[in-house]
Every structure is written in structure tokens, then in C-alpha cells.
Amino acid sequence: MILCALPGLARRLLPSLAVAAALVLTAGAARADDAIKLSLTIKDQKFDPAELHAPPSQAIEIEVRNLNPIVSEFESSDLHFEKIVPAGSQGAVHVRPLQPGRYNFYDDFHHATQGYLVVP
């Protein structure tokens with residue numbers, strides 16, 4: 001048995017390490033579940049809505065649906081993401097908690113398609 005081979009101190013610390021690991025994993029899962037969920041549609045080379053709003057210091061998940069007959073690339077240099085969204089499909093991007101500001105996003109395949117994420 002492994003526990004018998006461990007020195008006394010290590011054997012006593014093992015349960016504490018297991019509890020600490022469980023807490024870290026649980027905290028990470030809770031943060032992911034607490035993300036603000038926003039929805040966005042791309043249709044006729046426009047975002048609807050063209051401006052999204054989210055609170056500061058909270059993770060964000062943006063679900064984007066592409067209703068165009070052609071592929072789109074949902075991208076943001078400000079927010080450091082890019083996501084290919086095939087025609088008639090949907091995808092999601094996860095954004096880190098943000099400070100107040102106005103963050104641009106766009107369709108990289110159709111640069112006239114622009115929008116903003118506003119964090120007050």
C-alpha cells in the first residue's frame with residue numbers, strides 16, 4: 001500500500017493536500033459558471049446587437065450565431081480572441097474579466113461588420 005511507504009509527515013499531509021486540490025478545482029468551476037452570458041447574431045453582414053454590455057471584473061461568454069449564407073470570423077484584437085463560425089452555425093468565445101472600457105470586435109472576413117463590448 002502506498003500510504004505505508006510514505007514517511008509519517010507526508011502521510012499526515014496527504015489528506016490536507018487532497019482537500020486543497022478539491023477546493024482549487026471547485027473554485028475554477030464556480031468561476032466558469034458565473035460568467036456573464038451574452039448573445040450576438042451576424043446577419044446581412046451586421047452584428048445584432050451592434051453593442052453588447054457587461055459588468056466589470058466578471059468573466060464573459062459570448063455566443064455568436066451566424067445567420068449569413070457564408071462563413072464569418074468573429075474576432076477582437078482588443079479582447080484577444082478569434083472564432084470561425086460557419087454559415088448557419090454558432091460558436092462561443094470566453095473573455096477574461098475586464099476593466100471599464102469600450103472593446104471593438106469585428107468579422108475578420110468582412111471588415112465593415114463591426115461592434116463593441118462596453119464595460120461601464
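This briefing covers the aromatic contacts of a predicted model. In this predicted model, local features need pLDDT of at least 70 and side-chain atom pairs count only at pLDDT 80 or more, while totals for chains, interfaces and linings use all residues. Residues are numbered from 1 along each chain as its sequence is written, and side-chain values use heavy atoms, with hydrogens and water left out.

**Aromatic pairs**
- The structure holds 4 aromatic pairs (ring centres of Phe, Tyr or the six-membered ring of Trp within 6.5 Å; planes under 30 degrees apart are stacked, over 60 edge-to-face, the rest tilted).
- F47 and F105 are edge-to-face, because their ring planes stand at 80°, with the centres 5.0 Å apart.
- This pair links strand β2 (residues 46-48), which holds F47, to strand β8 (residues 101-107), which holds F105, and so ties together parts 58 residues apart in sequence (strands are DSSP runs of E, at least two residues, numbered from the N terminus).
- F74 and F105 also form an edge-to-face pair, at 5.4 Å centre to centre and 70° between the planes.
- F74 lies in strand β5 (residues 72-76) and F105 in strand β8, so this pair ties together parts 31 residues apart in sequence.
- One aromatic cluster is formed by F47, F74, F81 and F105.

**Burial**
- F47 and F105 are both buried (under 20% relative accessible area; over 50% is exposed and in between is partly exposed, with a 1.4 Å probe and protein chains only).
- F74 counts as buried because its relative accessibility is 0%.
- F105 has 0% relative accessibility and therefore counts as buried.

**Charge over a ring**
- The charged end of R102 sits over the ring of Y116, 4.0 Å from its centre (NZ of Lys or CZ of Arg within 6 Å of the ring centre and within 35 degrees of the ring normal).

Notes. Helix = DSSP H or I, 4+ residues; strand = E, 2+ residues; numbered from the N terminus.
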